[in-house]
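Take a look at the model below.

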Amino acid sequence: MILALPRKGIELSYRKLMIDYWNSFCFIGMVIALLFFSASVTPSLLPRTYYVQGILSGFAIFLGYALGVAGVLLYQFLELPNPNDRIQRISKLVTVVAVAIVFVYFLRRMTYWQNSIRELMDMPILETAYPFRTAVIALASGALLIGFARLVIQSCVMLTNRLNYLVPRRISMMASILLVGTVLLLAGKGIVARGLLDAADSFFLRADELIDDGVEQPTLRLATGSEKSLIQWDSIGRRGKNFIVQGPTEEQITAFLDRPAKRPIRVYAGMRSGDDPDERAKLALEELKRVGAFERAVLVVATPTGTGWLDPGAVDTLEYLTGGNSAIVSTQYSYLPSWLTILVDPRRSIKSGNALFDVVYDYWTTLPKDARPRLYLHGLSLGSLGSEVSADLYSIFEDPIQGAVWSGPPFPSGQHNAIVADRNPGTPLWLPTYRDGRLVRFTAQNNSLEPDRAWGPIRNVYIEYASDPMVFFSPTLLYEKPAWLDGKRGPDVSPELTWYPIITFLQVGFDLPMATSIPIGFGHNYSPANYIDAWTAVLDPVDWTADDTARLKLLFSTKSNSDAD
């Protein structure tokens, strides 16, 4: 005979178990968690899909709950008096009603808030942002994170109870926290983080080794990667091969200008072209000499993005502006996206940029000043970070280069941040002016470079959009309202965007991997039209008219930025 509990008894036990489990959660923590969720569905710099929003909101729920629990523990530690039961019951009821109203209201506003960004970026308007799906994903992911945290705490408690037999309670408690924390740190860094990083590294390495359709080894003797080249074709990554092969031809530039043009020179050394940045830089210099780059009118030392990509909107437009009488040289330092490279090793771009500029500049200075090209710098994203500090100021003062065009400078960019911090009073952080504008100027979607205003001997231009999270992310978003939300906002920033401590940091952090997933002209997707304005101001091309600028912008208006980093 099989003995069994009555069904009713099982149901009562299960119900009691569930009630006890529910009661084990911190009421204040759940309140703050739901408030954090509500704040997290407000607009950020970029629009989001419902599943990304759900995961983001799940992290917000976890952080809110953790903050609430920490506040309760602090209150108990300070031994402050608790309100009586009646006041607690009334306050809980009022709080539940108020939070429920806020929760529902914010969910209902999700679609409107997402569309407030999409309208500014010329994106299709959503009929719904799927708030219910967002809430389900957020609650599930938040519950998983909270459950994991509770498991960690329970592990600490169990270990503390075991150690109590050996050492005093306070010592056992501290030892348990340190031991569990160390295990988690080592596991997170050595297993989870390293595993994810290795997976990403493997994926992007394979992507770097791919060859896009229509990209074949050049047959021209003076082309980089040809059989006569000092740089082997197989050593160049996918982005570098595209850069070498896919630029405008001599015939295309001639047809546009209606006058004879030259074949643009492009030199690129991949990560497999040399063992380190110095070796790749020296190899690139020798290739520049071989192809006659120092006989051109313009020479650009370009630092690519994290994947090794150079934006066609930047390099192609330059070659049209110079009539093909130009040379561009670049060396690869990574094959990971810029936002990921920043997390792994942001100094890669700086080391590579310094190495390449130093060897090119050292050789350039040995040439007669009246028989050498004008020398410029260029970089987008992480390439901007590496490029802007590559030129040693003391050397530059002695024999100056002619200028630079930098776009989307990432938030760790020291030179950019110093200039912006010292901007002229009253100018917005997202479009500053610096002193008299003779050395450096900023522009965005609309040309703000003041073409009639006099320049100094070195012309530097930063292109940055107010909606670019790569530029405007900052750890201070955790606790401080950013200056880019003060006063007049950028034309591509939602008027509904509100700063919330912790939440805005989380939102803009989630924007980083999606910074190029939106239309050209917004976020981290820079428009060829803005590069044309910048290069025109920096190069000051001869026999170039406003009509030429308009025609060139029209030519590039149909091109896409699908390979953006």
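## An enclosed helix

In helix α18, 10 of the 12 residues are buried, so the rest of the structure largely encloses this helix. The model is a predicted one. The buried residues include Pro-528, Tyr-531, Trp-535 and Leu-539. What do the buried residues of α18 pack against? Their partners are β2 (298–303), α10, β4, β5, β7 and α19.

After α18 comes Asp-540, with a positive phi near 50 degrees.

Helix α7 (residues 238–245) is also largely enclosed by the rest of the structure, because 7 of its 8 residues are buried. Among them are Arg-238, Arg-239, Lys-241 and Phe-243.

## Charged pairs

Side chains of opposite charge can pair when their charged atoms come close. The count here is 13 salt bridges. The table shows some of them.

| Pair | Distance, N to O |
|---|---|
| Arg-266 and Glu-319 | 2.8 Å |
| Arg-372 and Asp-399 | 2.8 Å |
| Asp-540 and Arg-459 | 4.0 Å |

Start with the salt bridge between Arg-266 and Glu-319. Arg-266 lies in strand β1 (residues 265–269) and Glu-319 in helix α10 (residues 312–321), so this pair ties together parts that are 53 residues apart in sequence. Are Arg-266 and Glu-319 buried or exposed? Arg-266 is buried, and Glu-319 is buried too. A network of salt bridges links Arg-266, Asp-316 and Glu-319.

Next comes the salt bridge of Arg-372 and Asp-399. Their pairing links distant parts of the chain, 27 residues apart. Arg-372 sits in the loop between α12 (347–364) and β4 (374–380). Asp-399 sits in the loop between α14 (393–398) and β5 (403–407). Arg-372 counts as buried because its relative accessibility is 13%, under the 20% cut-off. Asp-399 counts as buried as well, at 10% relative accessibility.

The remaining pair in the table brings back Asp-540, which meets Arg-459 in a salt bridge. Asp-540 is in the loop between α18 (528–539) and α19 (546–556), while Arg-459 is in strand β7 (residues 459–463). The two are 81 residues apart. Is Asp-540 buried or partly exposed? At 48% relative accessibility, Asp-540 counts as partly exposed.

## Rings and charges

How many aromatic pairs does a search of the whole structure find? It finds 19. One aromatic cluster is made up of Phe-256, Tyr-320, Trp-544 and Phe-556. Phe-256 also has a charged neighbour: Arg-551 lies over the face of its ring, at 4.2 Å from the ring centre. Elsewhere, the charged end of Arg-441 sits over the ring of Trp-455, 3.9 Å from the centre.

## A buried serine

Where is Ser-467 found? This serine lies in the loop between β7 and α16 (469–472). Ser-467 is buried, with a relative accessible area of 0%. The side chains of Ser-467 and Asp-492 are joined by a polar contact of 2.6 Å. Leaving out residues up to four places away in sequence, Ser-467 touches several residues, including Leu-45, Met-121, Val-493 and Phe-522.

Methods. Residues numbered from 1 in each chain as written. Predicted model: local features only at pLDDT ≥ 70, side-chain atom pairs only at ≥ 80, totals over all residues. Heavy atoms only, no water. Salt bridge = Lys/Arg side-chain N within 4 Å of Asp/Glu carboxyl O. Helix = DSSP H or I, 4+ residues; strand = E, 2+ residues; numbered from the N terminus. Buried < 20%, exposed > 50% of the residue type's maximum accessible area, 1.4 Å probe, protein only. Phe/Tyr/Trp six-rings, centres within 6.5 Å; stacked < 30°, edge-to-face > 60°. Lys NZ or Arg CZ within 6 Å of the ring centre and 35° of its normal. Polar contact = N/O pair within 3.5 Å; in protein donor to acceptor, adjacent residues only side chain to side chain. Contact = heavy atoms within 4.5 Å.
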